[in-house]
Amino acid sequence: MKQATSGWVNGLIGVAIFAGSLPATRVAVADFNPIFLTSARATIAALLGLFFLVLLRQARPTISNISALAVSALGVDIGFPLLTALALQHVSSAHSIVFLGLLPISTAIFAVLRGGERPKPLFWLFSVLGAIFVAGYAALGETSTAWKGDLYMLAAIILCGLGYAEGAKLSRTLGGWQVISWALVLSLPVMLPIALWSMPISFQHVSTAAWIGLAYVSVFSMLLGFVFWYRGLAQGGIASVGQLQLFQPFMGLALAALLLHESVSWMMLAVTLAAIVCVAGARKYA
């Protein structure tokens, strides 16, 4: 019981940190192209992770861990950041945040496929209903080009769910912050050259807000958030704690309205609330 409670506390802290990711990305992508933003944030986080791994003398992962680390890196260090940055060129952060309602079912599916978990049948009923609400909202669109952003967000959600499940499974033995740090280090030989290649010729046009956005997604979204998130998933169960991600849209919408002054429609709130109700049911039967 204590382990499960600790898992939910750690998971909620991680979700709170992640809630600022899409608004921060929206600000940063205004002045940085998506490829540079993705590679730069991964490079900065990798160097920080490597510093702490060396400082605290952490054991290197075994050969058998490499494939899982590579999958985790592909999902959360590369795939999700790049695809969301591309999506935010076509839709607002408020619109994209609603798609985070699909993360719990994506994570749960991969928890079954990769983590060996077996939720009860009613869990899937509530999870699918939540996904239907989000998908229905997405189908309404926002502009004539919103479908491009929607497709990017759907792909991002799939890859992120895979990365979460793979990383959480590995963190049971390797440790939460060690998993994300080693995954980042593994991606460094690829992301650093891309960052240098895609780096703008001049940074004079970059606003202070964009620099703050880059700093947030590099330090908090890519590293610190995962320290709590992977620990929470490992302690409380991937499918169960993964349902906490349904609080992320509410937090993200509040930040989008407060910091970016984006319009948050009643439809966005209604869909998010409906998804959270479904997650409450899913959590009961996880």
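Axes here are lines fitted to C-alpha atoms, for helices over the stretch in contact, and angles run from 0 to 180 degrees between N-to-C directions. Helices (H or I, at least four residues) are DSSP runs, numbered from the N terminus.

The model is predicted, so local features need pLDDT of at least 70 and side-chain atom pairs count only at pLDDT 80 or more, while totals for chains, interfaces and linings use all residues. Residues are numbered from 1 along each chain as its sequence is written, and side-chain values use heavy atoms, with hydrogens and water left out.

**Exercise 1.** Find how H8 and H10 are oriented to each other, and which residues make their contact.

*Solution.* 
- Start with the two helices: H8 covers residues 146–174 and H10 covers residues 208–236.
- Next, take the geometry: their axes lie 8 Å apart, at an angle of about 75°.
- H8 is therefore roughly perpendicular to H10 (65 to 115 degrees).
- Now look for contact (heavy atoms within 4.5 Å): H8 brings Gly163, Tyr164, Gly167, Ala168, Ser171 and Arg172, and H10 brings Phe226, Trp229, Tyr230, Leu233 and Ala234.
- Finally, sort these residues: seven are nonpolar, three polar and one charged. Ala, Val, Leu, Ile, Met, Phe, Trp, Tyr, Cys and Pro count as nonpolar, Asp, Glu, Lys and Arg as charged, and the others, Gly among them, as polar.

**Exercise 2.** Describe how H2 meets H10.

*Solution.* 
- H2 spans residues 21–28, and its axis comes within 7 Å of that of H10, crossing at roughly 140°.
- That angle makes H2 oblique to H10; oblique covers what is left after under 35 degrees (roughly parallel), over 145 (roughly antiparallel) and the perpendicular range.
- Among the residues in contact are Ala24 and Ala28 of H2, and Gly213 and Val217 of H10.
- By class, this contact has eight nonpolar, four polar and no charged residues.

**Exercise 3.** Decide whether Ala45 and Arg57 are buried or exposed.

*Solution.* 
- Recall the cut-offs: buried means under 20% relative accessible area, exposed over 50%, and partly exposed in between (1.4 Å probe, protein chains only).
- Ala45 sits in helix H3, and because its relative accessibility is 0%, Ala45 is buried.
- Check its neighbours: leaving out residues up to four places away in sequence, Ala45 touches Leu184, Ser218, Met222 and Leu223.
- Ser218 is 173 residues from Ala45 along the chain, yet their C-alpha atoms are separated by 5.4 Å.
- Arg57 lies in the loop between H3 (34–55) and H4 (63–87), and is exposed because its relative accessibility is 77%.
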